[in-house]
Amino acid sequence: MFVAAAVVFTLAVIVTPDAPTLVVAPTMPFTGMTATAPAAAKAASLPIQPLWRPAGEVLKRSKAVSAAPSLPFGHDAKERERRESLSRLHRIYTYSAKYRIKPELARRIYDAATTAGIEPELGFRLVRVESVFDTRAVSSAGALGLTQLMLGTARDYEPNVTREQLLDPDVNLRIGFKYLRGLIRDYKGDLKLALLVYNRGPVAVQRSLSMGLSPANGYESIITKGYRGRGYLD
């Protein structure tokens, strides 16, 4: 037989924006329930969050939450190296198509120019005018290879270089671009004057200047037509 027990509830309800609603546990448990009074009191003391919050609280954002997560690949050396390699290949194939030469020759010219501190575009222009990209080109004056170097001039930079070696594309480009970079430096960035010395030689250019004449012969204009660079890399 079940005996009904009188249950007295004391209910305190406080509804404010700043304080949670509290529910006070009954003073006497139902007969047959296993929960004890301390447990019931503990459960009763737990706050019940209101269903709404003030607008100001909702709009608050933690800096830690709103901050964008860092992307590790942005600082990864291997990823940066891969991107630079792809960019280099893209530029080489662009020059190959622009000047209608094989990608391998475009690669040699591009790498030799950047190594010497010459802007690649200027390097390609010079080789086109000097030899029309013929690696075995020999002029009537005895200038050799892609950059049309005289043997005496080449030996100012590499004393033991031979005539046959100057017909090797890598050797020829290395010395020719080094020579051009030196001229740009010697003439304090005056690209057209440096190109004239490259083509005519320092003696002929200096003779014209000393006589008050222009040393220009059209060579520098052909190479720099439409070119807006300064000729060298930092």
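Residues are classed as buried under 20% relative accessible area, exposed over 50%, and partly exposed in between (1.4 Å probe, protein chains only). The model is predicted: local features need pLDDT of at least 70, side-chain atom pairs count only at pLDDT 80 or more, and totals for chains, interfaces and linings use all residues. Numbering runs from 1 along each chain as its sequence is written, and side-chain values use heavy atoms, leaving out hydrogens and water.

The structure holds 12 salt bridges (a side-chain nitrogen of Lys or Arg within 4 Å of a carboxyl oxygen of Asp or Glu). Glu79 pairs with Arg83, with the closest N and O atoms 3.0 Å apart. Glu79 and Arg83 are 4 residues apart in helix α4, so about one helical turn separates them. Helices here are DSSP runs (H or I, at least four residues), numbered from the N terminus. Glu79 counts as buried because its relative accessibility is 17%.

In helix α5 (residues 103-116), Asp111 and Arg107 are also 4 residues apart, about one helical turn. Their salt bridge has its closest N and O atoms at 3.4 Å. Arg107 is partly exposed, at 28%. Asp234 and Arg230 meet at 2.4 Å, N to O. Asp234 is exposed at 85%; Arg230 is partly exposed at 37%. Salt bridges with shared partners join Arg88, Glu104, Arg107, Arg108, Asp111 and Asp170 into one network.

Helix α4 spans residues 77-99 and includes Leu86. Leu86 is partly exposed, because its relative accessibility is 47%. Leu86, Leu89 and Tyr93 form a nonpolar surface patch, with about 300 Å² of accessible area together. Patch members have over 30% relative accessible area and no salt bridge; like charges are joined within 9 Å, nonpolar side chains (Val, Leu, Ile, Met, Phe, Trp, Tyr) within 5 Å. Accessible areas come from the Shrake-Rupley method with a 1.4 Å probe; for residues, only the protein chains shown count as cover.

Conventions:
Helices (H or I, at least four residues) and strands (E, at least two) are DSSP runs, numbered from the N terminus.
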